[in-house]
Amino acid sequence: LGKCFFAADDFFLDEDGIYNFNPRKLPAAHSWCQEQAGNSMRNRLAATVVVHNTFTQRWEMEPYLRMAEEHGYEVSVVSLYDGGCTDEELVTRNQHGVDATGISNMRERWEHDWRNGNPRPPWERVGV
């Protein structure tokens with residue numbers, strides 16, 4: 001068995017491989033990505049399942065962590081953080097039109113110690 005690669009960005013590829021990002025469809029894209037990764041793990045379609053999304057906090061990767069545990073996959077998290085780039089450099093490198101304020105906000109949310117991050121989405125946290 002080889003490797004399977006999944007990203008929410010794949011949802012935005014049309015049949016010709018053209019990338020058409022639509023921020024209003026992000027929830028659907030992330031649901032689709034979770035379905036694809038879960039199906040691959042559940043049916044043992046690959047020895048390694050790679051999910052290459054931009055996870056800034058533990059709760060964003062939590063569904064994949066649970067799937068991996070449920071299906072006996074070992075988890076490795078590779079943090080690229082910002083690669084030493086400035087906010088302005090990251091603005092020019094992203095395909096989503098994220099401006100410097102958005103990049104800065106992502107940088108502020110970043111959990112370097114994701115293992116100790118809160119696994120619940122912010123909207124489910126009461127009194128936190």
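Author: A definition comes first: a residue is called buried when its relative accessible area is under 20%, exposed when that area is over 50%, and partly exposed in between. The model discussed here is a predicted one.

Reader: What percentage of the residues in the chain is buried?

Author: The chain has 128 residues. Those that fall under the 20% limit make up a share of 30%.

Reader: In what order do the elements of the chain run from the N terminus?

Author: The chain contains four helices and two strands. Helix H1 covers residues 26-42, and strand S2 covers 48-51. Helix H2 spans residues 58-70, while helices H3 and H4 take up 87-93 and 100-109. Read from the N terminus, the order is β-α-β-α-α-α.

Reader: Which share of the contacts with a separation of 6 or more is made by residues 24 or more positions apart?

Author: The C-alpha atoms fill a box of roughly 45 × 40 × 30 Å along the principal axes. Among the contacts with a separation of 6 or more, residues 24 or more positions apart account for 60%.

Reader: How far apart are the mean positions of the positive and negative charges?

Author: The accessible surface of the chain is about 8800 Å², and 50% of this surface belongs to carbon and sulfur atoms. As for charge, the chain carries 13 positive and 20 negative charges. The distance between their mean positions is 5 Å.

Reader: Is serine 40 buried or exposed?

Author: Serine 40 lies in helix H1. Leaving aside residues up to four places away in sequence, serine 40 touches Cys4, Phe6, Leu45, Ala46, Val49 and Tyr73. Its relative accessibility is 1%, and serine 40 therefore counts as buried.

Reader: Which residue meets arginine 58 in a salt bridge?

Author: A search of the whole structure finds three salt bridges. In one of them, the N to O distance to the side chain of arginine 58 is 2.5 Å. Both partners lie in helix H2, four residues apart, which is about one turn of the helix, and both are buried. The partner of arginine 58 is glutamate 62.

Reader: Is the pair of phenylalanine 11 and phenylalanine 12 stacked or edge-to-face?

Author: The structure holds eight aromatic pairs. In this one the ring centres are 5.4 Å apart and the planes stand at 90 degrees. Planes over 60 degrees apart meet the criterion, so the pair is edge-to-face.

Reader: Which residues form one aromatic cluster?

Author: Phenylalanine 11 is partly exposed at 30%, whereas phenylalanine 12 is buried at 4%. The rings of tyrosine 19 and phenylalanine 21 have centres 6.3 Å apart and planes at 15 degrees, so that pair is stacked. Tyrosine 19 is partly exposed at 23%, and phenylalanine 21 counts as partly exposed at 23%. The cluster consists of Phe11, Phe12, Tyr19, Phe21 and Trp32.

Reader: What is the phi of tyrosine 81?

Author: Most residues other than glycine have a negative phi. Tyrosine 81, in the loop between H2 and H3, is partly exposed at 32% relative accessibility. Although tyrosine 81 is not a glycine, its phi is positive, at about 40 degrees.

Conventions: Residues numbered from 1 in each chain as written. Predicted model: local features only at pLDDT ≥ 70, side-chain atom pairs only at ≥ 80, totals over all residues. Heavy atoms only, no water. Buried < 20%, exposed > 50% of the residue type's maximum accessible area, 1.4 Å probe, protein only. Contact = heavy atoms within 4.5 Å. Areas by Shrake-Rupley, 256 points an atom, 1.4 Å probe, with all protein chains shown as cover. Lys, Arg positive; Asp, Glu negative; His and termini not counted. Charge placed at Lys NZ, Arg CZ, Asp CG, Glu CD. Salt bridge = Lys/Arg side-chain N within 4 Å of Asp/Glu carboxyl O. Phe/Tyr/Trp six-rings, centres within 6.5 Å; stacked < 30°, edge-to-face > 60°.
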